[in-house]
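Welcome! Take a moment to look over the sequence and the 3D view below, and then we will walk through a ligand site and some salt bridges together.

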Amino acid sequence: MSAISRRSMITRGLAAAAGLSGLAIAERVADRYGLVPPDRGGIYGPGATLTYAAQRLLTRHSLAREFSRSQISNPPFANEIAPLGDHFNRLQAESFKDWRLSIEGLVAQPASLSLDEVRRFPASRQITEIACEEGWSYVAEWIGTPLVDVLRAAGIMPQARYVVYFSIQGNWRDSVDMADAGHPQTLLAYAMNDADLPVAFGGPLRLRVPRQLGYKSVKFINRIVVTDSLKQFVSPEGEYSWYAGI
Ligand SMILES: Nc1nc2c(c(=O)[nH]1)N[C@H]1C(S)=C(S)[C@@H](COP(=O)(O)O)O[C@H]1N2
Ligand SMILES: [Mo]
């Protein structure tokens, strides 16, 4: 069966199951095809599974909308952040020369990259919208290294299923599956609107995941772990749904 007809068959199966017998059966269909998000069983229940399964089947390769330069928000709106602490302040005082991004887990060659090393990869630009779950959004141009380039350079192992990314800021961290980690618009962004990424917006380095809600675009990234399981990283009681596709 071709990929397309197999896909439409599964999609129809999901829709039919949801219509006939409720979400629980649709979830079982999704499970059979490996389309269950890792926070299944949490407070979002089968609804989260259906959203994720439908998005993965229908939009895996689609791009977030890109805007024209004239649509860039002026000024952009930075969400408030908790105080960053002494360690961050010392790094900032020295223009982040000692900032490191460590790449760990299921990679052939774990690495610890300086910002200059991250910037040495071919740069990618995108004018996209970041949307907070609380309702506001803004459009900006982000410039950075596609996450996939940094991961490929480290050698992604075949068992890899998720990428977990950590902020220097306390417990801020999140994760994406390999479809979003390898998506061409998922960027390690170090610049915004043609200047270094301001600290208020997550500088010196944030992940931009334009296919998902704002909270997945974690600021102040300093550690990335490639893994085959999120068991130790995602709690089912997490505040937000793990998959936040838009
Ligand atoms: N480290 C860190 N990353 C974070 C946050 C934060 O408070 N700390 N807020 C998140 C949320 S809820 C949103 S909506 C976006 C906001 O991005 P902005 O400040 O560029 O608008 O960043 C996300 N990344
Ligand atoms: Mo948010």
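A residue counts as buried when its relative accessible area is under 20%, as exposed when that area is over 50%, and as partly exposed in between. Glu 104 has 27% relative accessibility, so it counts as partly exposed. Keep in mind that this is a predicted model.

**Around ligand 1**

- Ligand 1 is surrounded by 20 residues, and the closest are Asn 79, Tyr 138, Gln 169, Arg 206 and Lys 219.
- Sorted by type, the shell around ligand 1 holds twelve nonpolar, five polar and three charged residues.
- Tyr 138 places a polar side-chain atom 2.5 Å from an oxygen atom of ligand 1.
- In the side chain of Gln 169, an N or O atom is 2.7 Å from a nitrogen atom of ligand 1.
- Ser 217 takes part through its backbone: an N or O atom there lies 3.1 Å from a nitrogen atom of ligand 1.
- How much of ligand 1's accessible area does the protein cover? On its own, ligand 1 has 530 Å² of accessible area, and the protein covers 97% of it.

**Salt bridges: two pairs to find**

- The count of salt bridges comes to eight.
- One of them joins the side chains of Lys 97 and Glu 94, with N and O 3.1 Å apart.
- Is Lys 97 buried or exposed? Its relative accessible area is 53%, so Lys 97 is exposed, while Glu 94, at 43%, counts as partly exposed.
- Arg 223 and Glu 104 form another salt bridge, and their closest N and O atoms are 3.2 Å apart.
- This pair links distant parts of the chain, because Arg 223 sits in strand 10 (residues 221-227) and Glu 104 in strand 1 (residues 101-105), 119 residues apart.
- Arg 223 has a relative accessible area of 30%, so it is partly exposed.

**A salt-bridge network**

- Asp 194 forms a salt bridge with Arg 125, and the closest N and O atoms are 3.4 Å apart.
- Asp 194 lies in the loop between strand 7 (187-192) and strand 8 (195-196), whereas Arg 125 is in strand 3 (residues 124-131), so the pair ties together parts that are 69 residues apart in sequence.
- With a relative accessible area of 54%, Asp 194 is exposed, and Arg 125, at 47%, counts as partly exposed.
- Which residues belong to the network? Arg 69, Arg 125, Glu 141 and Asp 194 are joined into one network by salt bridges that share partners.

Definitions and conventions:
Residues are numbered from 1 along each chain as its sequence is written. Chains are lettered from A and ligands numbered from 1 in the order in which they are written. This is a predicted model: local features need pLDDT of at least 70, side-chain atom pairs count only at pLDDT 80 or more; totals for chains, interfaces and linings use all residues. Side-chain values use heavy atoms; hydrogens and water are left out. A residue is near a molecule or strand if one of its heavy atoms lies within 4 Å of it. A polar contact is a pair of N or O atoms within 3.5 Å; within protein, one must be able to donate a hydrogen and the other to accept it, and residues adjacent in sequence count only if both atoms are side-chain atoms. Accessible areas come from the Shrake-Rupley method with a 1.4 Å probe; for residues, only the protein chains shown count as cover. Ala, Val, Leu, Ile, Met, Phe, Trp, Tyr, Cys and Pro count as nonpolar, Asp, Glu, Lys and Arg as charged, and the others, Gly among them, as polar. A salt bridge is a side-chain nitrogen of Lys or Arg within 4 Å of a carboxyl oxygen of Asp or Glu. Buried means under 20% relative accessible area, exposed over 50%, partly exposed in between (1.4 Å probe, protein chains only). Helices (H or I, at least four residues) and strands (E, at least two) are DSSP runs, numbered from the N terminus.
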